[in-house]
Amino acid sequence: MDKGNGKIRRVCVIGNRSGKGGRDRLSGVLRYSAQTPNWILDVILVEMTDACSRLASTLNKTPPDAIILLTSERKILSVLLDAAKQGLSKCHILTIDVPAFLLQGLRIDLSVLLDNAEIAKSSARLLIQRGHANLAYVGYRQEHEHSDVRETTLAEIARADGLTFSSFEARSRRNAGNEIIRLAEWLKTLPIPCGIVTYYDYLSRDVIDACRLSRLEVPEQVAIIGVDNEISLCEATQPSLSSILPDFEGGAFDAAKELDALMDKRRRPKTTLCRTYGVKSVVERNSTIDLRGGGRLITTACEYIRNHANEHINVDQIAAYCRV
């Protein structure tokens, strides 16, 4: 991979650090760049107050050899589209997890997307292994094609296996209190026990709160699994949250590698190359654990120890918490 004698390439990376997906994608690109001496990176983060003006300046002066777009931020896309009208014909463009409908008017060389069907399959596999004959999905619909694919795939799995399936269309989380009330009312209509997949971990936390409001036990009556594995969130909920960890970093690393190979060819592909990446792991915690045998006691004890590790706890306290 060492290209120390290769042509210097200026690569503009546009991303964000708000969320595990954003951080991991950026990490994957940076990891590839660290192994590629002829890449000179200009990293622009959406969180920067001057992100748009800085990007416009970069594109107007001397367009980079390549742009790696890791965000769907509308203001950033607007700057890119304006620059494309002025001419980015020689600039290779890689997008990672940016929906196609947001890129109209922009010529993309390589589009890499998370395999959302695999997310649904991994979630369903765990819940079915835990004995759930009723599945449900909590996600978004408007302009969330990732969520649509997950919901559709989960519904197909349920139908093929003779399971029941229900879905809930979430709205903006800006009014989380009303959302939790809506969720609580919907939960009362579900056949119990039920396994629920959510679009991402923050929605899972809302579902756990709604279960508490509806007096439904997790995971005894409702098992919940999210996506992204936001560790600080997953381990802070009660019970702790199971989650699917997509291979954000590996997908971005491989995408950067393929972009480098495209630049070696010195010509842009005639049509957009499309690739996907999958799931890195399924991280199971208390929200989906198997209640049969001693698994519940072990997991509950471990969770108590993790949450109270600095409090000089003893065996009696752990046993009391586990009710044994």
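Let's start with strand 1 (residues 9-15), which pairs with strand 3 in the parallel sense over 4 bridges. This is a predicted model in which local features need pLDDT of at least 70 and side-chain atom pairs count only at pLDDT 80 or more, while totals for chains, interfaces and linings use all residues. Residues are numbered from 1 along each chain as its sequence is written, and side-chain values use heavy atoms, with hydrogens and water left out. Helices (H or I, at least four residues) and strands (E, at least two) are DSSP runs numbered from the N terminus, and two strands pair if DSSP finds at least two bridges between them.

Strand 3 also pairs with strand 4 (residues 92-96), again in the parallel sense over 4 bridges. Have a look at Ile 67: its bridge partner is Cys 12, and Ile 67 also stands opposite Ile 93 in strand 4. Both faces of strand 3 (residues 66-69) are covered, with Ala 66 and Ile 68 buried on one side and Ile 67 and Leu 69 buried on the other. Here, buried means under 20% relative accessible area, with a 1.4 Å probe and protein chains only.

Another part of the model to explore is an open sheet of 6 strands, in the order 7-6-8-9-10-12 and with mixed pairing. Strand 7 (164-169) and strand 12 (279-283) are at the edges and have a single partner strand each, so one side of each lacks a neighbour in the sheet. From one strand to the next, the twist averages 20°.

Within this sheet, strand 6 (residues 134-139) and strand 8 (residues 194-198) run parallel and are joined by 4 bridges. Ala 136 stands opposite Ile 196 in strand 8.

Helix 5 (residues 145-160) lies across strands 6, 7, 8 and 9, running at about 170° to strand 6. Axes are lines fitted to C-alpha atoms, for helices over the stretch in contact, and angles run from 0 to 180 degrees between N-to-C directions.

Helix 4 (residues 116-129) packs against helix 5 at an angle of about 40°, with the axes 8 Å apart. That makes helix 4 oblique to helix 5, a term for angles that are not under 35 degrees (roughly parallel), over 145 (roughly antiparallel) or 65 to 115 (roughly perpendicular). The residues in contact (heavy atoms within 4.5 Å) include Ala 120 and Ala 124 of helix 4 and Val 149 and Leu 154 of helix 5.

Terms used:
Buried means under 20% relative accessible area, exposed over 50%, partly exposed in between (1.4 Å probe, protein chains only).
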